[in-house]
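Subject: Structure handover

Hello,

Here is the structure we talked about. Please open it first, then read my notes below.

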Amino acid sequence: MPPSVLKPAAGKCDPATFRIVLDVGHTAESEGAISARNVAEFAFNLRLARLIAERLKADGFAETRLLLTEGKARPSLFKRVASANNLHADLLLSIHHDSVPNKMLEDWEFEGKKSHFSDRFSGYSVFVSRENPDFETSLRFAELIAKEMKAQGLHYAVQYSLPIMGSNQHPLLNKDTGVYSYNELIVLRKTAMPAVLLEAGSIINRDEELKMDSPEHRNVIAGGVASAVQEFCDPRWSLLGPL
Ligand SMILES: [Zn+2]
């Protein structure tokens, strides 16, 4: 384990040497979900991950790395895990934007093009895998991210706890902040370092897509993630605020 990893009871880590990898979900070739207005999830993920990386670097986390992966969906998952492991990161955060299972999609037209949406659910969600080699630390970081999202006035996506999600139903570990376990996720279970996946918000929900597209809202999320990393690195940060 890298020496700078902070164990729950330990002191603090050094932002100058602490390496967080921001994994941009999906690839240019396999772009993930398609939004209600026909924009690929990958574009949303890249834009938000870049902003989070900027914020962290500005906060002194100079070793922050953006992880971009190429290729088709499934092989890209193993490629991204190998890249993250080669980077000897202390922490991995995978950035995604949410959709719904196909059966929930409804039809509409956007700019003359047949499109799909579902306004039924919205919100962020945070996932961890019990199969990660350091589940405890992953969960601790997940709790911090979810707490910061909630503190920004955001609400979490409740649908993952509902039977209607079928195979996409997952145990809710924190009913207050919206941390779920999703044990099978490759990017969380095969990584050698603590790992968390953030679904920043829904892009299939027509109102929330507009929000996720706004610089103001992206700033709120990036600020929340940066605060969570600060606090992860130094638990006193939550009491003292930015030094
Ligand atoms: Zn995704």
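H26 is partly exposed, with a relative accessible area of 24%. H96 is buried, at 11%. Buried here means under 20% relative accessible area, exposed means over 50%, and partly exposed lies in between (1.4 Å probe, protein chains only).

Some ground rules. This is a predicted model, so local features need pLDDT of at least 70 and side-chain atom pairs pLDDT 80 or more, while totals for chains, interfaces and linings use all residues. Residues are numbered from 1 along each chain as its sequence is written, and side-chain values use heavy atoms, with hydrogens and water left out.

H26 lies in the loop between strand 1 (20-24) and helix 1 (41-58), and H96 lies in strand 3 (residues 91-98), so the pair ties together parts that are 70 residues apart in sequence. Helices (H or I, at least four residues) and strands (E, at least two) are DSSP runs, numbered from the N terminus.

Seven strands make an open sheet of mixed pairing, in the order 2-1-3-9-6-8-7. Two strands pair if DSSP finds at least two bridges between them. Strand 2 (65-67) and strand 7 (172-174) are at the edges with a single partner strand each, so one side of each has no neighbour in the sheet. Strand 6 (residues 125-128) and strand 8 (residues 179-181) run parallel, joined by three bridges. There, F127 stands opposite Y180.

Helix 3

How does the span of helix 3 (residues 135-151) agree with 1.5 Å a residue? Its 17 residues should span 24 Å, and its end C-alpha atoms are 24 Å apart, which agrees. The expected span is 1.5 Å times one less than the number of residues. Buried residues in helix 3 include F135, R140, F141, L144, E148 and M149. G153 follows helix 3, and its phi is positive, near 85°.

Best wishes
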